[in-house]
Amino acid sequence: MLRLSGGRLPDPDPRYAAYPQPPLGAGHVSVEYDPRPSAVREARAEVRRQLEGWGLAERDDDLVDTAVLLVSELATNALLHSASRFTLTLSAAHGVLRCEVADSGRRTPRVLDAGNAESGRGMFLVEALALRWGWRQDGRGKTVWFELGTCGEC
């Protein structure tokens, strides 16, 4: 882990311009990781720690487990396909948990048929379990994101 930033509200950043700003009490954190295998384990632990700290684990253990699984898949893809540092960003507001993994790779994420292969299921799982997901080009890299509902009505 290289850098931890964030706090109770998102940093002023143009990528949040299209989204309503979260109310006070919402969570936001960004962590940057070096390109090494232990980074995926560290990212999983960070997701669990943050969601527990924000009180989301008390409401729904499945939410935490799903977020941990999907972040693990995106972090693994970042390591395998870009071999660069990656940044994990988590934000929770308005009944939505948004998880983003940004890396320097330009490869477009694709959902593959799960089939019997031992790899290639990451985006299939994201597609199957997330409320929404997508990706965007960011300068010389990309960000892949997904959202999960944090309340029963979501």
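Leaving aside its neighbours within four places in sequence, which residues is Phe-86 in contact with? Some notes for a first look follow.

1. Before the answer, a word on the model. This is a predicted model, where local features need pLDDT of at least 70 and side-chain atom pairs count only at pLDDT 80 or more, while totals for chains, interfaces and linings use all residues. Residues are numbered from 1 along each chain as its sequence is written, and side-chain values use heavy atoms, with hydrogens and water left out.

2. Now Phe-86. Beyond those sequence neighbours, Phe-86 is in contact with Val-31, Glu-32, Tyr-33, Ala-39, Ala-43, Ala-75, Ala-78, Leu-79, Val-101, Ala-102 and Asp-103 (contact means heavy atoms within 4.5 Å).

3. Phe-86 also shows up in the largest nonpolar core, which has 34 residues; Phe-86, Leu-97 and Phe-146 touch the most other members. A nonpolar core here is a set of buried Ala, Val, Leu, Ile, Met, Phe, Trp, Tyr and Cys residues joined through side-chain atoms within 4.5 Å, and buried means under 20% relative accessible area, exposed over 50%, partly exposed in between, with a 1.4 Å probe and protein chains only. Elements giving two or more residues to this core include β2 (27-33), α1 (38-53), α3 (61-82), β3 (86-93) and β6 (141-149). The largest share, 10 residues, comes from α3. (Helices are DSSP runs of H or I with at least four residues, strands of E with at least two, numbered from the N terminus.)

4. Next, α1 against α3. They pack at an angle of about 150°, with their axes 9 Å apart, which makes α1 roughly antiparallel to α3 (the cut-off is over 145 degrees). Axes are lines fitted to C-alpha atoms, for helices over the stretch in contact, and angles run from 0 to 180 degrees between N-to-C directions. By class, this contact has 10 nonpolar, two polar and three charged residues; Gly counts as polar, Pro as nonpolar, and Asp, Glu, Lys and Arg as charged.

5. Then α3 and α4: their axes come within 9 Å and cross at roughly 145°. On the α4 side, the contact is made by Gly-122, Met-123, Leu-125, Val-126 and Leu-129. Seven nonpolar, three polar and one charged residues make up the contact of α3 with α4.

6. Two backbone spots to check. Ala-83 has a positive phi of about 50° although it is not a glycine, and Ala-83 is found in the loop between α3 and β3. At 57% relative accessibility, Ala-83 counts as exposed. His-94, in the loop between β3 and β4, has a positive phi near 55°.

Note on methods
Parallel < 35°, antiparallel > 145°, perpendicular 65-115°, else oblique.
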